[in-house]
Amino acid sequence: MINLELPKKLRASANQAHQVATEIFRPISRKYDLAEHEYPVELDTMAAMVEGLADSGTQKIGGAAGGREDDSESDAHATELLGNSNGGNMSALLNALETSWGDVGLMLSIPYQGLGNAAIAAVATDEQLKRFGKVWASMAITEPSFGSDSAAVTTTAVLDGDEWVLNGEKIFVTAGQRSTHIVVWASVDRSLGRAAIKSFVVPRDAPGLSVARLEHKLGIKASDTAVLLLQDCRIPKDNILGSPEVNVEKGFAGVMQTFDNTRPLVAAMAVGVARAALEELRAILTDAGVEISYDIPPNNQHAAAAEFLRMEADYEAAYLLSLRAAWMADNKKPNSLEASMSKAKAGRTGTDVSLKAVELAGAIGYSQRTLLEKWGRDSKILDIFEGTQQIQQLIVARRILGKTSAELK
Ligand SMILES: Cc1cc2nc3c(=O)[nH]c(=O)nc-3n(C[C@H](O)[C@H](O)[C@H](O)COP(=O)(O)OP(=O)(O)OC[C@H]3O[C@@H](n4cnc5c(N)ncnc54)[C@H](O)[C@@H]3O)c2cc1C
């Protein structure tokens with residue numbers, strides 16, 4: 001029998017993240033939903049705590065900062081249960097799940113845990129990891145001229161002596177105003193197509209970098225979403241992530257690799273929101289006298305209980321797919337297919353479950369008496385950013401059918 005119980009070490013860090021979600025996030029969840037763009041000062045206390053824990057060797061809370069943490073100390077139990085080893089990706093994933101259960105907007109605002117951190121962890125050299133290991137990095141790919149088609153980057157990076165000079169506009173950058181650094185995708189030679197797209201670490205105080213404005217959104221209002229301008233923005237030569245060589249054969253596999261780490265994390269955020277909605281719904285149904293039984297076939301139960309069981313099965317599937325993708329990343333196994341599968345399933349499940357929970361809870365679900373309506377709004381972004389539902393399905397199809405991006409669009 002497969003035992004999917006979490007190993008002791010991971011359980012401890014997930015419990016810690018759950019405690020943060022319960023004691024810090026949930027009490028301020030509505031406050032920052034109503035106060036869009038206001039900085040959640042409570043997160044500073046948390047950041048100090050995280051720093052303390054990181055220094056003492058304990059896993060980080062929050063968790064977008066995936067990475068290469070070596071889990072050589074992982075106990076034998078862990079090895080038996082989940083395979084070879086669990087490292088930074090698995091621990092980041094569980095922490096992202098737990099904190100998103102608390103509030104996904106706040107989770108995306110945790111200092112020093114941006115999506116750019118996961119990108120740095122995925123492709124930085126050891127020297128860069130030393131320099132950028134402790135920064136707060138957001139991720140800037142999207143531009144006014146494209147979203148899904150990340151090969152269409154028009155921002156340019158030109159080498160001038162010991163500096164790269166960046167020019168372009170980046171939109172919808174999560175934590176784009178608050179982060180200390182931004183990982184920017186730019187082309188070093190537009191005539192060479194996608195192979196010339198590289199990622200660059202741009203410090204907040206780099207000359208030529210500015211925030212043009214912040215977006216108003218449907219959900220995740222606690223998270224700032226910025227438009228960034230790069231106007232002759234100068235950064236040191238060695239802030240380019242990975243190799244500066246343009247390898248036309250390899251395409252832009254280098255930068256795309258970051259998605260293999262970040263997509264399972266976003267999947268975990270959706271799983272966290274789905275779990276929150278399921279728990280709330282279970283309580284509401286129980287109060288209403290609806291019994292959810294695991295011994296009776298769903299079709300012989302109350303219609304709401306049958307729906308609940310269907311959603312719970314989707315939630316479990318999404319959870320397990322995201323664990324698999326993170327485990328593969330930790331064990332250096334190519335996981336693009338599995339990362340996209342997890343993101344597609346979890347993104348869909350997050351919105352399906354949270355909106356169905358609103359529906360089944362009726363007026364209570366639609367009102368602000370619970371957080372159900374907020375989770376319904378928050379969850380949608382998790383099916384959009386880091387690649388939409390349709391894009392994940394496209395990637396899965398390409399991988400399974402062995403088609404290139406030119407053959408299957
Ligand atoms: C709140 C928020 C935060 C964000 N944070 C970040 C961030 O931190 N960094 C960043 O770089 N970007 C970020 N984004 C941008 C996000 O990644 C893009 O919005 C997303 O990739 C989709 O791009 P688009 O909006 O241009 O939609 P489009 O690419 O224009 O797509 C529109 C629709 O067409 C579908 N579609 C597109 N191509 C295909 C195809 N080939 N086959 C089938 N269907 C297709 C899409 O799935 C979608 O439904 C954020 C966006 C939001 C709203």
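Helix α1 (residues 8-34) and α11 have axes that come within 12 Å and cross at roughly 70°, where axes are lines fitted to C-alpha atoms, for helices over the stretch in contact, and angles run from 0 to 180 degrees between N-to-C directions. The two helices are therefore roughly perpendicular to each other; angles under 35 degrees count as roughly parallel, over 145 as roughly antiparallel, 65 to 115 as roughly perpendicular and the rest as oblique. This is a predicted model, in which local features need pLDDT of at least 70 and side-chain atom pairs count only at pLDDT 80 or more, while totals for chains, interfaces and linings use all residues. Residues are numbered from 1 along each chain as its sequence is written, and side-chain values use heavy atoms, with hydrogens and water left out.

**α1 with α11**

- Helices (H or I, at least four residues) and strands (E, at least two) are DSSP runs, numbered from the N terminus.
- α1 passes α11 in a left-handed crossing (the near helix is turned anticlockwise from the far one by less than a right angle; clockwise would be right-handed).
- On the α1 side R26, S29, R30 and D33 meet E373, K374, W375 and R377 of α11, with contact meaning heavy atoms within 4.5 Å.
- By class, this contact has 6 charged, 1 polar and 1 nonpolar residues; Ala, Val, Leu, Ile, Met, Phe, Trp, Tyr, Cys and Pro count as nonpolar, Asp, Glu, Lys and Arg as charged, and the others, Gly among them, as polar.

**α10 and its partners**

- Helix α10 (residues 336-366) and helix α11 (residues 372-379) have axes that come within 8 Å and cross at roughly 155°.
- α10 and α11 are therefore roughly antiparallel to each other, and their crossing is left-handed.
- Their contact includes G350, T351 and S354 of α10 and L372, E373 and W375 of α11.
- That contact of α10 with α11 has 7 nonpolar, 6 polar and 1 charged residues.
- α10 and α12 pack at about 145°, with axes 9 Å apart, and this crossing is left-handed too.
- Among the residues in the contact are S336, L337 and K343 of α10 and Q389, Q392 and R399 of α12.

**The largest pocket**

- About 1,300 Å³ of space lies in the largest pocket.
- A pocket is an open set of points on a 1 Å grid over the protein atoms alone, where a 1.4 Å probe fits, with protein on both sides within 12 Å along at least five of seven lines; lining residues have an atom within 4 Å of a point.
- Grid points are joined across faces, edges and corners, and a volume is the space filled by probe spheres set on the points.
- Of the 49 lining residues, S148, S150, F259, R263 and G387 are the closest to the centre.
- α8 gives the largest share of the lining, 6 residues.
- The lining divides into 20 nonpolar, 15 polar and 14 charged residues.
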